[in-house]
Amino acid sequence: ETKRRLINRCLEQEPVDVESLRRLAISPEGLLNDGIRRKAWPKLVGTSVYELPELPTADELQAHPDYNQVQLDIQRCFKRFPQDTRKSQCRRVQAELSDLVLTCLHLCPDSHYYQGFHDIAVLWLLVVGPDAALVLMLKLTKCHLSDFMDKDMQRTTSMMTFIYTIIRREDQDLETFLVRSEVGTVFCLSWTITWFTHVLENTADVTRLQDLFLATHPSMPLYLCAAVVLYRRDEVLACECELSAVHFLLSRLPQDLPMEVLVTYALTLYHKCPPSTFDITKARYSYSFSAYRVFEACLWEQPSDLSLSKDMWKRAERERKDELRQLTTSSADSGDAGGDKSRRYAVVPAGGVGGDGA
């Protein structure tokens with residue numbers, strides 16, 4: 001209850017207290033529940049449901065080059081739906097997911113779809129709804145997910161080598177074993193590019209990880225990958241030091257991992273071996289690393305959603321009055337031309353707009 005109050009207090013401040021909100025998001029149990037996440041996740045990335053862009057038409061979405069691939073991938077994402085979801089509800093969510101993914105791709109034409117993008121999208125859609133999910137996707141497509149959405153996997157492959165940098169700092173014997181086995185990083189590719197949404201079955205664990213990733217540097221999924229491998233150290237070292245054997249072991253992620261322990265471990269590794277210690281050439285090659293400074297600068301002066309909703313209401317009210325004034329003027333002109341002055345008063349609100357009509 002105390003943590004819930006603290007989170008709400010961060011969200012209600014002007015501007016939003018993002019620094020404290022981040023600390024609460026990465027602390028044990030994260031943001032507690034999906035109701036809070038609906039309000040907090042957009043603020044963690046500097047956006048709001050009150051900042052929705054103009055949406056493309058259905059024809060524009062269907063014309064996207066990746067339309068058919070997106071439809072195929074969406075048909076395979078039932079596992080994230082609650083077990084009691086009806087078929088009609090599944091079809092509705094799949095339609096919303098299709099619109100979400102394709103809208104994001106349409107509005108970010110320099111970004112390329114990859115298989116796994118829909119895994120993140122469906123989780124966010126189910127947790128925060130279509131509007132908040134869209135603003136999240138649009139924001140993170142340009143930063144945290146940008147390396148994965150390049151025209152090829154070169155930037156992703158380069159970035160994933162940092163997992164070995166992190167492991168080496170913590171456990172040189174384990175890193176030596178992994179290098180000697182030539183296992184590489186393919187075993188954790190799906191962990192990284194889907195933010196673990198594709199490989200973890202427990203939705204509570206996955207949403208907890210989203211709290212962590214949305215509140216931290218784009219490299220945090222790499223630290224969690226390293227934390228998982230280090231946590232399984234004894235299993236790995238007991239394995240035959242050979243590519244297929246090590247890959248077989250590591251690529252099968254246990255579903256009973258102690259998630260809070262791993263989150264804490266990943267944060268510890270981040271402080272021991274921060275991104276500033278990575279190979280600077282590879283770090284500069286990463287789109288997400290380069291974009292993060294600008295991304296972070298936009299977080300600190302965000303108005304609360306209450307303030308934004310009031311501003312939107314006032315703007316809508318001004319627009320309504322402008323339309324009414326234009327309608328009044330048009331009607332008055334029509335009345336003058338036709339000699340029927342009674343028409344010009346029929347649309348004038350109480351108190352009058354254009355004088356007494358004399």
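User: Where does Glu182 sit?
Analyst: Glu182 is in the loop between α11 (172-181) and α12 (189-193). Helices here are DSSP runs of H or I with at least four residues, strands are E runs of at least two, and both are numbered from the N terminus.

User: What am I looking at, and how are things counted?
Analyst: This is a predicted model, so local features need pLDDT of at least 70 and side-chain atom pairs count only at pLDDT 80 or more, while totals for chains, interfaces and linings use all residues. Residues are numbered from 1 along each chain as its sequence is written, and side-chain values use heavy atoms, with hydrogens and water left out.

User: Back to Glu182. What is its phi?
Analyst: Near 65°. That is a positive value, and Glu182 is not a glycine.

User: Is Glu182 buried or exposed?
Analyst: Glu182 counts as exposed because its relative accessibility is 61%. The cut-offs for relative accessible area are under 20% for buried and over 50% for exposed, with partly exposed in between (1.4 Å probe, protein chains only).

User: And which phi does Phe196 have?
Analyst: About 70°, positive as well, although Phe196 is not a glycine. Phe196 lies in the loop between α12 and α13 (203-214). Phe196 is buried, at 2% relative accessible area.

User: What kind of peptide bond joins Glu14 and Pro15?
Analyst: A cis one, with omega about -5°. Pro15 belongs to the loop between α1 (2-12) and α2.

User: Which residues line the largest pocket?
Analyst: His217, Pro275, Ser276, Ile280, Ala283, Arg284, Phe289, Ser290, Tyr292, Arg293 and Glu296. To count as lining, a residue needs an atom within 4 Å of a point.

User: Which helices supply at least two of the lining residues?
Analyst: α18 (280-285) and α19 (287-297). The largest share, 5 residues, is from α19.

User: What does Glu296 pair with?
Analyst: Arg22, in a salt bridge at 2.9 Å, N to O. The pair links distant parts of the chain: Arg22 is in helix α2 (residues 18-26) and Glu296 in helix α19, 274 residues apart. Arg22 is buried at 12% relative accessible area. Glu296 is partly exposed at 24%.

User: How many salt bridges are there?
Analyst: The count is 14. The rule asks for a side-chain nitrogen of Lys or Arg within 4 Å of a carboxyl oxygen of Asp or Glu.

User: Which residue does Arg155 meet?
Analyst: Asp150, also through a salt bridge, 2.9 Å from N to O. Arg155 and Asp150 are both buried.

User: What about Asp234 and Arg233?
Analyst: Their side chains form a salt bridge at 3.8 Å, N to O. Asp234 is exposed at 60% relative accessible area, and Arg233 is partly exposed at 26%. Elsewhere, salt bridges that share partners join Asp34, Arg37 and Asp211 into one network.

User: How many disulfides?
Analyst: The structure holds 0. A disulfide needs a pair of cysteine sulfur atoms within 2.5 Å. Cys143 is in none, and the nearest cysteine sulfur, that of Cys298, is 9.9 Å away. Cys143 is buried at 2% relative accessibility.

User: How far is Val294 from Cys143?
Analyst: They are 9.3 Å apart, C-alpha to C-alpha, and 151 residues apart in sequence. Val294 is part of helix α19. Val294 counts as exposed, at 58%.

User: Last one. How many residues of α14 are buried?
Analyst: 11 of its 12, so α14 is mostly covered. Among them are Met220, Tyr223 and Cys225.

Terms used: On a 1 Å grid over the protein atoms alone, a cavity is a set of points where a 1.4 Å probe fits but cannot get out, and a pocket is an open set with protein on both sides within 12 Å along at least five of seven lines; lining residues have an atom within 4 Å of a point.
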